[in-house]
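User: I have this chain open on my screen and would like to go through it with you. Please take my questions one at a time.

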Amino acid sequence: MASLTTPKGEDRISELPNEILISILSRLTLREAVRTSVLSKQWRYVWTYISALNFDAKLNKLSWFSPPPGNAYKYRDWVDGVLEKLRGPNIDEFRISYDLDNTYDYIINRWIKFSLSNTVHTIDLNCSYESLSLSSLRSRLPFVPCRRCYVPDPYMFMKFKSLKSLSLSAVTVDDEAIACFLSNFRLLERLSIHLNVGLRNLEVVGGSLVLRHLEVVKCWNVERVEICDANLVSFTYDGSMSRLFIKNVPQLVEVSVNPNGAMCIAKTRFLKLSCCFSQLEILRLTVRHGEPVSLSDITWPELKNLKQFELFVDTWSNDNLLVYLAMIKNWPNLQRFVFQVISREFHYHNKERIDTTEDVREAARFCHPDLKMVEISRYCNICDFEIFKQIIENFVNLEKIIIDTCDPDRGIKSESESERESKEDQRELQRSSLEQQLRAQLSPRVELVML
């Protein structure tokens with residue numbers, strides 16, 4: 001590899017064209033890019049032409065960064081200081097990530113206007129802080145209605161033609177604002193709305209929209225989501241299935257559903273998606289706790305084009321999870337199955353294990369020749385070999401199996417050091433035992449990865 005300096009110690013990087021230098025700096029964090037200004041006179045203003053502006057306080061490892069309420073005023077000054085020095089004609093990405101409450105509405109609006117005036121392609125506003133509980137977060141969301149947020153007159157959006165991706169997390173916009181986005185940002189391909197209390201009715205209707213990716217997650221007050229005659233390719237939804245109305249979406253191939261309020265996997269709750277069953281290629285599904293799972297629930301129709309299925313099970317009991325294997329029996333072209341238990345509460349409870357009935361055990365026995373990869377993570381009963389044994393028997397052409405046996409409660413529960421060490425030793429013994437059993441059963445051609 002060629003040296004970046006000459007034998008005399010001359011700097012070869014600085015001899016590169018500015019376009020290449022700007023491209024290099026765009027791959028650094030914003031803080032790192034700004035620090036290059038002290039290298040030499042030539043480098044002093046190079047960073048001011050970068051087009052990817054990621055103001056993520058944690059990513060940039062700012063010395064004053066702290067959890068909320070933290071130093072929001074310092075964050076504001078940092079963003080303002082960078083924006084004042086920019087010299088480039090365009091902005092490709094503009095990302096804000098810091099806990100900001102409604103006292104910063106005006107500032108947020110000003111930043112958005114600045115980015116839009118610079119032909120921005122991607123806007124990502126995350127005004128939440130990940131350690132906040134949802135209950136405390138609800139009272140702290142900034143309220144940014146359309147008439148105050150971006151421009152007073154919706155028709156002023158007409159001059160902003162460049163926006164392709166818009167992500168709003170903990171930034172409350174109402175129905176009117178979303179309608180403005182969809183009708184005026186004619187190049188908008190991706191819309192993500194998270195942690196929102198202002199949205200009531202969302203309509204994505206009409207083939208003229210170029211919107212390809214839609215996410216509606218933790219929008220607690222939504223009453224209706226209607227998607228009709230749209231060009232969507234992927235859709236993520238976290239809410240009541242009874243409020244979802246979807247029709248004629250021929251390009252929709254990727255769906256992620258977390259049915260808020262639905263306590264089991266009953267297929268009747270997902271009939272709203274039936275119009276795209278035949279074309280689905282990727283399905284992610286969260287199963288909530290509270291109700292027993294029956295064979296009628298998991299006997300879904302044939303999804304002939306489904307290639308990847310990710311199942312996230314939220315359960316409070318020590319149920320045998322073998323029943324969920326029967327779901328994929330009618331999905332002949334499935335190639336990848338991801339199975340994750342996401343509850344922590346019961347992992348070390350000494351509850352009596354609920355036995356699997358013989359009809360469930362029989363339903364879980366089948367041959368699936370096309371499935372190539374299985375991933376299982378956060379499964380509490382790693383000493384229970386039944387589900388792993390059935391996977392090996394069912395998927396005769398399996399090429400790779402990944403099992404994550406890491407304790408999801410590690411670092412979360414309050415435990416003494418001796419308790420933690422004892423639990424880790426016990427889990428390591430279970431992990432070693434499971435690995436030995438699996439390797440004895442698996443064909444040599446199957447790659448086993450234990451995490």
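User: Which residues form a nonpolar patch on the surface?

Analyst: A word on the ground rules: this is a predicted model, where local features need pLDDT of at least 70 and side-chain atom pairs count only at pLDDT 80 or more, while totals for chains, interfaces and linings use all residues. Residues are numbered from 1 along each chain as its sequence is written, and side-chain values use heavy atoms, with hydrogens and water left out. A patch takes residues with over 30% relative accessible area and no salt bridge, joining like charges within 9 Å and nonpolar side chains (Val, Leu, Ile, Met, Phe, Trp, Tyr) within 5 Å. With about 210 Å² of accessible area together (Shrake-Rupley method, 1.4 Å probe), the patch members are Leu16, Ile20 and Ile24.

User: Is Ile24 buried or exposed, or something in between?

Analyst: Ile24 sits in helix 1, residues 18-25; helices are DSSP runs of H or I with at least four residues and strands are E runs of at least two, numbered from the N terminus. Buried means under 20% relative accessible area and exposed over 50%, with partly exposed in between (1.4 Å probe, protein chains only). Because its relative accessible area is 36%, Ile24 is partly exposed.

User: How many salt bridges does a search of the whole structure find?

Analyst: Side chains of opposite charge can pair when their charged atoms come close. Here a pair counts when a side-chain nitrogen of Lys or Arg lies within 4 Å of a carboxyl oxygen of Asp or Glu. The number of salt bridges found in the whole structure is 14.

User: How many residues apart are Arg95 and Asp124, which link distant parts of the chain?

Analyst: The side chains of Arg95 and Asp124 meet in a salt bridge, 3.0 Å from N to O. The pair links distant parts of the chain, with Arg95 in strand 2 (residues 93-97) and Asp124 in strand 3 (residues 122-126). Arg95 is partly exposed, at a relative accessible area of 24%.

User: Why are Glu393 and Lys389 separated by about one helical turn, and in which helix?

Analyst: Glu393 and Lys389 form a salt bridge, with the closest N and O atoms 2.5 Å apart. Both are partly exposed: Glu393 at 41% relative accessibility and Lys389 at 36%. They are about one turn apart because 4 residues separate them in helix 10 (residues 386-394).

User: What are the buried residues of helix 11?

Analyst: Helix 11 covers residues 417-441 and spans 36 Å from first to last C-alpha, close to the expected 36 Å, which is 1.5 Å times one less than its number of residues. The cover over its buried residues includes helix 10, strand 16 (400-404) and strand 17 (447-450), judged by contact, meaning heavy atoms within 4.5 Å. Those buried residues are Lys423, Arg427, Arg431, Leu434, Glu435 and Leu438.

User: Which residues of the largest nonpolar core touch the most other members?

Analyst: A nonpolar core is a set of buried Ala, Val, Leu, Ile, Met, Phe, Trp, Tyr and Cys residues joined through side-chain atoms within 4.5 Å. The largest one has 119 residues, and helix 3 (residues 72-85) gives the largest share, 6 residues. Leaving out residues up to four places away in sequence, Phe55 touches a list including Leu30, Tyr75, Trp78 and Arg95. The two that touch the most other members are Phe55 and Phe309.

User: What is the phi of Asn248?

Analyst: Asn248 lies in the loop between strand 10 (244-247) and strand 11 (254-258). At a relative accessible area of 41%, Asn248 is partly exposed. Its phi is positive although the residue is not glycine, with a value near 55°.

User: What separates the C-alpha atoms of Val287 and Pro259?

Analyst: Val287 is part of strand 12, residues 282-287. With a relative accessible area of 2%, Val287 is buried. Val287 and Pro259 are 28 residues apart along the chain, and their C-alpha atoms are separated by 7.9 Å.
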